[in-house]
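This note is written for a colleague who is opening the structure for the first time. The points below may be read alongside the sequence and the coordinates.

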Amino acid sequence: MGHTTCCIINCRKNGKNNANHFFKFPELRKAAAQRALWIRTVRKINKSDPGWEPKDHDRICQSHFVGENESKDASSPAYVPTLFADVTPHQWYRQQAGLKRWD
Ligand SMILES: [Zn+2]
């Protein structure tokens, strides 16, 4: 088995040791609404194409969840990954500001 990586592009947890916890995408049959929200978030953060779908091995690491844990409770802030401070900062600020590349 290869080591697990986070599917958030530029996540700093990638390539390090796996003391970090990684969460699988919610299953389509069990939690379709939650899964759709995770996918939408990843597409937005990664600026990937609108047809992107998670593969079986895709994971999101704990650093993107409030409380560092995912929740199955739709009223919880940890229901969807919302924290992306670990994404390479200059890219993150650029995304936040909606700025174009300047370099
Ligand atoms: Zn990550």
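1. Setting aside residues up to four places away in sequence, S71 touches S76, A78 and Y79. This serine is found in the loop between β2 and α2, the latter spanning 89–97. The model is a predicted one, and the points that follow should be read accordingly.

2. Is S71 buried, exposed or partly exposed? There are 15 other C-beta atoms within 10 Å, so S71 is classed as partly exposed; a residue is called buried if 20 or more lie within that distance, and exposed if 12 or fewer do. S71 may also be viewed together with Q34: the two are 37 residues apart in sequence, and their C-alpha atoms are 9.8 Å apart in space.

3. As to the overall arrangement, the protein contains two helices and two strands. Read from the N terminus, the order of these elements is β-α-β-α. Of its 103 residues, 18% count as buried. Among contacts between residues at least 6 apart in sequence, 54% join residues at least 24 apart.

4. Which residues make up the largest nonpolar core? It has eleven residues, namely C6, C7, I8, C11, W38, V42, I45, I60, C61, Y79 and V80. The greatest contribution is that of α1, with three residues. Y79 of this core is also among the residues that S71 touches.

5. Not counting residues up to four places away in sequence, I60 touches C6, C7, I8, F22, F23, W38 and P81.

6. Within α1, the residues W38, V42 and I45 are buried. Why do they lie on the same side of α1? They do so because they cover an arc of only 70° around the axis. On the other side of α1, A32, A33 and K44 are exposed. What covers the buried residues of the helix includes β2.

7. Most residues other than glycine have a negative phi. K47 is not a glycine, yet its phi is about 50°. This lysine is found in the loop between α1 and β2. K47 counts as exposed, because it has 9 C-beta neighbours inside 10 Å.

8. A further positive phi occurs at E68, which is likewise not a glycine; its value is about 55°. E68 lies in the loop between β2 and α2, where S71 is also found. With 13 other C-beta atoms within 10 Å, E68 is partly exposed. A reader checking the backbone may wish to view K47 and E68 in turn.

Terms used
Residues are numbered from 1 along each chain as its sequence is written. This is a predicted model: local features need pLDDT of at least 70, side-chain atom pairs count only at pLDDT 80 or more; totals for chains, interfaces and linings use all residues. A nonpolar core is a set of buried Ala, Val, Leu, Ile, Met, Phe, Trp, Tyr and Cys residues joined through C-beta atoms within 7 Å. Helices (H or I, at least four residues) and strands (E, at least two) are DSSP runs, numbered from the N terminus. Two residues are in contact if their C-beta atoms, placed from the backbone, lie within 7 Å. The arc is that of the directions from the helix axis to the C-beta atoms.
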